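Please look at the sequence and the structure shown below before reading on.

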Amino acid sequence: MGLKNAIKRVSVPAPAKINLFLAVTGKRHDGFHELVSVLAKLDLADLVTIDRVSEENHLSCKCVGADQLDGIHNLAEEAVLLWRKRTGIKDGLHLTIEKKIPVEAGLGGGSSDAVATLLALNAMMESPLKQNDLIDLSAQVGSDCPSFLIPGLCVAEGRGERVRSVAAPMNKHMKGKSVLLFKPPLGFSTAAIFQALGQSEKFSISSEVVQKLSNWESQNLATDKFLANDLELPVFEKHIYIPALFLEIEESFSLIPRLSGSGSCCFCLGNDRVPWSKVENVIRKAWGEETFLTRTHIV
Ligand code: C5P
């Protein structure tokens, strides 16, 4: 019996991401937006386990720690269906996703779960798909997905499907940095945030974005000055308690808070000398005890 039939269970961690940089440079004919983004993966992660079951074509999924996702056709299941179509391999599967990453947070949890599922499947079935096929397939699941297939910090362009690693010295410099995540007790819909930005048509200028990214990657621009997110514009207009708290954090601690992706999770970058418990107290005082607060690191 080959490996393909022998392996019954594979578990793969699915890391969260933050967008250190997200510039929207225009609207495309397919309704999506053209963007340039730098994504960093975190040591906050879900865990995806796939179990082979005897019934061919079977597919079921249980999310542990996020009851609201039960019974909803999720991105991990969609990834399995696309993988089956591409490879013709129809082994029955049960997925278990242990959720640690909050949903509707801009932390890429659903996309990362889908990519971890593809990696687990590919490992279980003796790697029928190579890296480029996986990037291509994952882009059909979600715009964020391909970035999770790139180790370390990733630059994503186009709709999010054109991915590459950040220049090696900068990648090394950022690895291990402390990140405080803080999310108000509500989530945002990515589609609605992009739509609101699209209506205002306040897009970044491509040549300026390319220059800024190049300056940062060559270490001629400090990370504090590089951090940016065009999606803050529509979010801040509607949720004014976010910029109000950002201002307080900036003035009290000289930190630069940012929204991750389309939110609602926000983050501050720092190091182990930052008095994180004091920052956390300020956040809890503003947004209440139900605020999701986690200290994590870039991996
Ligand atoms: O690709 P994904 O399904 O994650 O995107 C969710 C929604 O976000 C899309 O339906 C689209 O409205 C919006 N989006 C966009 N431009 C992108 C990525 C996402 O307009 N580059």
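The C-alpha centres of domain 1 and domain 2 lie 24 Å apart, and the domain assignment, which is an automatic or database one, gives domain 1 as 9-165 and domain 2 as 175-206 + 231-297. This is a predicted model, in which local features need pLDDT of at least 70 and side-chain atom pairs count only at pLDDT 80 or more, whereas totals for chains, interfaces and linings use all residues. Residues are numbered from 1 along each chain as its sequence is written, and side-chain values use heavy atoms, with hydrogens and water left out.

**Where the two domains meet**

- Contact (heavy atoms within 4.5 Å) joins 23 residues of domain 1 to 25 residues of domain 2.
- The area buried between the domains, meaning the accessible area (1.4 Å probe) that the two parts lose on being put together, summed over both, is about 1,800 Å², and carbon and sulfur atoms give 65% of that area.
- Of the area that domain 1 buries against domain 2, Val24, His33 and Glu104 supply 26%, more than any other three residues.
- Twelve residue pairs, both residues at pLDDT 80 or more, are in polar contact between domain 1 and domain 2; such a contact is a pair of N or O atoms within 3.5 Å, where, within protein, one must be able to donate a hydrogen and the other to accept it, and residues adjacent in sequence count only if both atoms are side-chain atoms.
- On the side of domain 1 that touches domain 2, β1 (9-27) and β2 (33-53) each supply at least two residues, and the largest share, ten residues, comes from β1; strands (E, at least two residues) and helices (H or I, at least four) are DSSP runs, numbered from the N terminus.

**Salt bridges**

- Asp113 counts as buried at 4% relative accessibility, and Lys99 counts as buried at 9%, where buried means under 20% relative accessible area, exposed over 50%, and partly exposed in between (1.4 Å probe, protein chains only).
- Glu280 and Arg295 meet through their side chains in a salt bridge (2.8 Å, N to O); Glu280 is buried, with a relative accessible area of 10%, whereas Arg295 counts as partly exposed at 48%.
- Arg28, Asp30 and Glu34 are linked in a network of salt bridges.

**Backbone features**

- Most residues other than glycine have a negative phi, and most peptide bonds are trans.
- Ser127, in the loop between α3 (109-124) and α4 (131-141), has a positive phi near 50 degrees.
- Gln219 also is not a glycine and has a positive phi, of about 65 degrees, and Gln219 lies in the loop between α7 (206-217) and α8 (223-226).
- The peptide bond from Gly263 to Ser264 is cis, with omega near 10 degrees, and Ser264 is found in the loop between β9 (258-259) and β10 (266-270).

Conventions: A salt bridge is a side-chain nitrogen of Lys or Arg within 4 Å of a carboxyl oxygen of Asp or Glu.
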